[in-house]
Amino acid sequence: MARVPAWYEALEGRWALETLPAPLLREGPGGVLWWQWIGIAVLLLVAYALGTLGARLVSRTQSRWDDAILSRMTGPLGVAGALMALSALLPLLGLAAAPEARAYQLVRGALFVDFFWALWRIVDVARDMLAAPSWAAATASSRSLLPLGARVAKVVVAAIAVVATLSMLGYPVASLIAGLGIGGLAFALAAQ
């Protein structure tokens with residue numbers, strides 16, 4: 001009995017037990033307390049603000065490629081900054097082990113999606129940069145092949161994004177990969 005006060009002092013989230021009203025201390029969906037759900041919403045807003053601020057602080061360079069990429073990357077950079085801020089702030093909520101692991105898994109999945117969103121945007125920048133020189137504008141084949149190549153690259157990026165994200169989230173993707181292989185073979189035969 002003499003050790004009980006020391007254990008109570010070491011209890012994580014004790015301030016919530018002492019200061020928050022009883023309805024907020026009840027368990028909500030997913031085994032997360034209601035005050036923690038409210039905290040998640042607040043952390044999402046703070047992380048979004050930090051990510052947006054970080055994306056706006058990215059400076060311009062002397063190169064056209066860099067500036068074109070940076071102008072198209074504002075969204076993905078903002079989301080990446082927000083997800084990193086959310087990941088750093090998440091321990092403040094004192095979530096139980098299972099909900100915290102699920103939250104980090106969702107953050108990792110969102111980072112995967114954000115990475116592929118950035119690749120999607122880079123395909124557009126590459127297409128625009130390759131179409132800009134005068135030789136590309138003068139050549140009829142380049143005017144028709146650049147949009148086709150960009151579409152094919154976007155389909156490849158989207159397929160890899162879906163498979164990688166589902167795999168990272170723990171879903172079996174072997175049948176999806178086999179289906180993509182058969183679809184790629186059909187596309188190659190049709191292109192001939």
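**View 1. Ile 38 on helix α3.** Ile 38 is partly exposed, with a relative accessible area of 46%. The value comes from a predicted model. Ile 38 sits in helix α3. Which distance separates Ile 38 and Leu 93 in space, C-alpha to C-alpha? The gap is 9.9 Å, although Ile 38 and Leu 93 are 55 residues apart in sequence.

**View 2. The whole chain, for orientation.** The protein chain has 9 helices and 0 strands. Along the sequence, the pattern reads α-α-α-α-α-α-α-α-α. The protein chain has 192 residues, and 22% of them count as buried. The structure contains 2 salt bridges. Both are shown in later views.

**View 3. The largest pocket.** The volume of the largest pocket is about 280 Å³. Its lining is made of 16 residues. Closest to the centre are Ile 40, Pro 99, Arg 102, Ala 103 and Leu 106. Which elements give two or more residues to the lining? They are α3 (34–56), α5 (74–89) and α6 (97–131). Helix α6 supplies the largest share, 6 residues. What is the make-up of the lining in nonpolar, polar and charged residues? The lining has 14 nonpolar residues, 1 polar residue and 1 charged residue.

**View 4. Leu 86 on helix α5.** Helix α5 carries Leu 86. Is Leu 86 buried or exposed? Leu 86 counts as buried because its relative accessibility is 10%, and the cut-off for burial is under 20%. Leu 50 is 36 residues from Leu 86 along the chain. Their C-alpha atoms are separated by 9.4 Å.

**View 5. Asp 124 and Arg 127 within helix α6.** Asp 124 and Arg 127 form a salt bridge. The closest N and O atoms of this pair are 3.5 Å apart. Both residues belong to helix α6. They are 3 residues apart, about one turn of the helix. Which is buried and which is partly exposed? Asp 124 is buried, at 9% relative accessibility. Arg 127 is partly exposed, at a relative accessible area of 28%. Side chains of opposite charge can pair when their charged atoms come close.

View 6. Shared partners join the salt bridges of Asp 124, Arg 127 and Lys 154 into one network.

**View 7. A nonpolar patch.** Which residues make the nonpolar surface patch? Leu 145, Leu 148, Val 152, Val 156 and Ile 160 do, over about 410 Å². Leu 145 is placed in helix α8 (residues 140–168). Leu 145 counts as exposed because its relative accessible area is 54%, and the cut-off for exposed is over 50%.

View 8. Val 156, one of the patch residues, lies in helix α8. Val 156 is partly exposed, at 42% relative accessibility. Trp 120 is 36 residues from Val 156 along the chain. The C-alpha atoms of Val 156 and Trp 120 are separated by 9.7 Å.

**View 9. Ser 167 on helix α8.** Ser 167 belongs to helix α8. Its relative accessible area is 40%, so Ser 167 counts as partly exposed. Where does Gly 109 stand relative to Ser 167 in sequence and in space? Gly 109 is 58 residues from Ser 167 in sequence. C-alpha to C-alpha, Ser 167 and Gly 109 are 9.6 Å apart in space.

Technical notes: Residues numbered from 1 in each chain as written. Predicted model: local features only at pLDDT ≥ 70, side-chain atom pairs only at ≥ 80, totals over all residues. Heavy atoms only, no water. Patch = residues over 30% accessible without salt bridge, like charges linked within 9 Å, V, L, I, M, F, W, Y side chains within 5 Å. Areas by Shrake-Rupley, 256 points an atom, 1.4 Å probe, with all protein chains shown as cover. Salt bridge = Lys/Arg side-chain N within 4 Å of Asp/Glu carboxyl O. Helix = DSSP H or I, 4+ residues; strand = E, 2+ residues; numbered from the N terminus. Buried < 20%, exposed > 50% of the residue type's maximum accessible area, 1.4 Å probe, protein only. 1 Å grid on protein atoms, 1.4 Å probe; cavity = no way out; pocket = protein on both sides within 12 Å on 5 of 7 lines; lining within 4 Å. Points joined across faces, edges and corners; volume = space filled by probe spheres on them. Nonpolar A, V, L, I, M, F, W, Y, C, P; charged D, E, K, R; others polar.
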